[in-house]
Amino acid sequence: MENKVQLTINGQIVEVQPGKSILEAAEKLRIHIPTLCYHKDLCVKGNCRVCVVESKHNKRLVAACATPAEQGMAIVTNSLKVRNARRHIIQLLLAEHNADCTKCYKNGQCELQRIAADLKILNQDFSELNQWKKYTVDYYSPSIIKNDSKCIRCQRCVRTCAELQGVNALTVAHKGEKMKISTFLAKPMSEVVCTNCGQCVNHCPTGALVERNYIEEVWAALADPTKHVIVQTAPAVRVGLGEEFGLEPGTRVTGKMVTALRQLGFDTVLDTDFTADLTILEEGTELLGRLKSSVAGDNADVKLPVISSCSPGWIKYIEHLFPNRLSHLSSCKSPQQMFGALAKTYYAASRKIDPKSIVSVSIMPCTAKKYEAGRPEMCSSGYRDVDYVLTTRELAIMIKQAGLDFGVLSESAYDKLMGQSTGAAAIFGATGGVMEAALRTVYEVVTGREVPFEALNITPVRGMEGIREAAIEVKNPLPEWQFLDGVTLRCAVAHGLVNARKLMELPAERFNQYHFIEIMACPGGCLGGGGQPIPTSPEIRNRRMEAIYAEDMGMPLRKSHDNPEVQLLYANYLGSPNSKKAHELLHTHYTLRERF
Amino acid sequence: MDPVKSLVTDLVSRLGTHRENLLPVLQGVVEQQQYLSEYAMIKVAEAMNLSAAEVYGTATFYSFLENKKMGQYIIRVCKTITCSMKGKQQILSAIEEMLKIQIGETTPDGVFTLLQTNCLGWCHKGPAMLVNDEVYSDLTPEKVRDILQSYLKTAKS
Amino acid sequence: MEQQLLKRIDLIFNDENDWQEILDQTLAHDNTYIINALVSSELKGRGGAGFPTGLKWKLTSEAPGIEKYMICNADEGEPGTFKDREILSRVSFKVLVAMAVCARVIGAKEGIIYLRGEYKYLVPQLNKTIAEFGAYCGRTGLDFNVRIFLGSGAYICGEETALFESLEGHRGEPRNKPPFPTDYGFRGMPTVVNNVETLVHAYTIFKYGAARFKELGVASSRGTKLFSVSGDTPIAGIYELELGMSLSQFVEEFGDGDTKAVQVGGASGFLVPRKKFDETTIGFQGRLTGVSLPTGGSMMLFNSSRSMYNVLNNYLDFFREESCGQCTPCRVGCQILHKGIEEVKRGERNAKYLQTLLLLTETMQLTAKCGLGQSVANSFSSIVENFWEEMIY
């Protein structure tokens, strides 16, 4: 048994595992130490120095986040010396900060502002540096606004971009007074390898990196009597939104969210889960087609594995970094874009609404979806398929602006035609969910039997391990799929682009042994998306994940092919999966991009 | 193959693709090109499997890895207090007058760039300056004019 | 009694071309013997921080690690310092011998000289020496290779953990300590980083014995030290002197008769005004208010024609540029201090603001992540407090 170390913090004794920091020890005692550069998702940098504490026998103050707790340490977190130093540090940060708080998007949610408020920094001892006045704001990305004047140089975004995402679009550049967070040659985010995943936004303590919001545009559309505003909500939004209203992480608020959307004035409230089910039918069919060509040997050019294409951050990443693997991507659009294409065609025709008057809004846990909606090819309806993408956070802002008391809203159900879904769609919001949903359908199509897992829960593909694998052997398939008899379907799941990269960099002989790969750009999948409530942490994401699987278990239907509205869509409009019409509306192509 | 690309390829194949070799590779490029162009940084990133931003972020930390176009000869005049006390300003003025450029600028013919730098380690023989990698100390306005004159003669036309 | 003149010593540059012999005879001893010799010599690091060298070698030799590294810190960037350049130009064999001995003691096979980019012109000669040295090691069966790694113009890379980052191909941003280099250094392995001069003193100890070394200097500051003397002095240059001398002795010898103040230890050291020359000793103990000063060997003399405001302004300009920029107190603090003294000088802020700035330097000293930010307070407070009026008028 490993010996614990015992120390005192503010006179209280605490024991922790060796290697734990002073900050973690204090947390155990529920003693709060303010932090800025520290984040549970990231390596410890110890550069903001806000968390300094006094350690007996050390003439200097030590950073609580970066200093390991040691046997016999005596720590004081709130001495006069500490308080004075901490006030100075906040004043220094404010001296180089554009502290125009009332005009800041993060007003009220800024960690710097929070600490300044807690310490009651009512005056500034030092001269303002005003260097930020020389900075220009990068508004060019459709997803992310980078405003260096609000940056405190904690490097959380840089570590996020490197450690979680392996993208390295952001870097620390220059040194000394000129040191700042930059892209390559300070180019706009839209011109570099940025995937628009928004993880930097999720991890930024201030207003330096925020989503590009379309709140006013949506309010304007809602106020326009000539417009029919239709909204779709992604699977992960319903397990995150509650956090914005003080509910515990992992609270499911589907019904309240639908009510809120109606009260905001959306004409029709529909569900991206519907097109998630549709995606399974399209992508499953595509997978089976490719399997047939490849395993049965019909066509040697067809490539396996098929890689999922739901995550627009992932799509841009592979377009930049692994062009040689592009042909592995499923041609299916993401559920958001399938929905958008159908909204202004199928839905408009069925409801006899002029598609021109439809404003299609989506609520997404994601900032990359904003970019995806604007991709030039995303207009197969003849119009922009999705007009505005709002993040979970933007929806919360609208609900607050409308004065709704979210916690007491009644629950209501989605509208019909594209509002019904199954548990298989619900789990799209978690890493491994697309894989599990696809297997539930594909296995049944091939064998005529349900997938051989207790209660349909394919646990090997679940969880938060960066890369997970599963293998299912096909036994006694239906006559049509005889060529798959005895074949073991090999699947891999990765989340967080840094893990995606590991899969993509596998040598061909190992990569090619897989049949199907699911990749989600964000840690935990969409539930940890760049548009989800801040803060995020492994624990918060776990709670959201539990909620997602609870959502699945609570659904009467749990396999995508059982979705009656999807069946209706094929019967009345598309014909069959991968039909010509389905291809026109629901499939897409990809673009080669520069890696550097 | 274009010269920058072959330079980078050559350096990386000689030094290795490991991250530890990034500085030596960048130094090698600067030795030939005097600065790191956008293209050169991209090529280094490509060859070493890094993002271009990583190369840029690392390079900008180091004062001698410039990423703006530089002249063939980079003059770096020491600006530490001891050199200042020994007449650094007169040296700067002499250079500025002779080359008709100010600190941070490059002569229109691309031969010289004038910069200041921190301590060169010749405090006992100030003022001192570097011209590319060569050090010159005990400078006087006359001496510095002669030195630059000799560089002018060898400059690539 | 006649005032005792400074003892000039000639151990470092006195080259009897006996390095092969010294190497062989030192390596004939076991590691414990060598460590004990260094420990008993009380040799302290000559880069400025003054950590006991023997202890550093001992800790690293005991630390677990698959690989270990011996790094010679030749990133001499402290304004006013040029001793390491001189050593490497003249007696680099001594440095290599000490590196090789250290490597044997700690179990390293690889040695690296981190040479500042400003000294690139030393490389050809150094490489020749390294090759010759390597050939000798080859003949005697010593498995140790030395290579040069060039810096590229970043003062902070002289900080040992920033140096590791730089060696590993990154920005030279100092790491958190602990873990210390003796446990977790280059490539995450136990590493000794010694200043060039420290290694030469180790050579002296190998050659003449710890006792002889210890005879020089005073308690807690044993041996000699190379001083880089510059500024208002008729005899600027490098001098090897015994530690423990008083600053007035020093000024007597090196001053121009009109010395107003001496900056001891470069921009990150202290400015000592004339009135405190007598009470100030050059050594490793204490702080400015006490008696003795730690130093990397930079001695800049200023006579009465010099403005101490200009001196401080020059240092702060240096720090705001050469701070790595990662930690708040150093990045922002240096800018605030620089801007602040200019504002006071121009009359835009009243003199009381200097008090506020002095408090800020205390915070920087308490909270900065590495030695750079922590030591800005040294020159700032010693100049502002002693030359208050020059800051204002």
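User: In chain B, of the contacts between residues at least 6 apart in sequence, what share joins residues at least 24 apart?
Analyst: That share is 61% in chain B. Keep in mind that this is a predicted model.

User: What helices and strands does chain B have, and in which order?
Analyst: Chain B has seven helices and four strands. Along the sequence the pattern reads α-α-α-α-β-α-α-β-β-β-α.

User: How much of chain B is buried?
Analyst: Of its 157 residues, 48% are buried. The C-alpha trace of chain B spans about 50 × 35 × 25 Å along its principal axes.

User: Switching to chain C. Which domains is it divided into?
Analyst: Chain C has domain 1 (19-215), domain 2 (218-303) and domain 3 (308-392).

User: How many residues of domain 1 and domain 2 of chain C take part in their contact?
Analyst: Domain 1 of chain C gives 19 residues and domain 2 of chain C gives 19 residues. The centres of these two domains, taken over C-alpha atoms, are 26 Å apart.

User: Which helices supply the domain 1 side, and what classes of residue are there?
Analyst: Helix H4 (83-90), helix H8 (196-208) and helix H9 (210-215) of chain C each supply at least two residues. That side of domain 1 of chain C has four nonpolar, seven polar and eight charged residues.

User: Where is Gly269(C)?
Analyst: Gly269(C) is in the loop between strand E9 (259-264) and strand E10 (270-273) of chain C.

User: Why does Gly269(C) count as buried?
Analyst: Because Gly269(C) has 29 C-beta neighbours inside 10 Å, and the cut-off for buried is 20 or more. Ala377(C) is 108 residues away from Gly269(C) in sequence, yet their C-alpha atoms are 8.9 Å apart in space.

Conventions
Residues numbered from 1 in each chain as written. Chains lettered and ligands numbered in written order. Predicted model: local features only at pLDDT ≥ 70, side-chain atom pairs only at ≥ 80, totals over all residues. Buried ≥ 20, exposed ≤ 12 C-beta atoms within 10 Å, placed from the backbone. Contact = placed C-beta atoms within 7 Å. Domains from an automatic or database assignment. Nonpolar A, V, L, I, M, F, W, Y, C, P; charged D, E, K, R; others polar.
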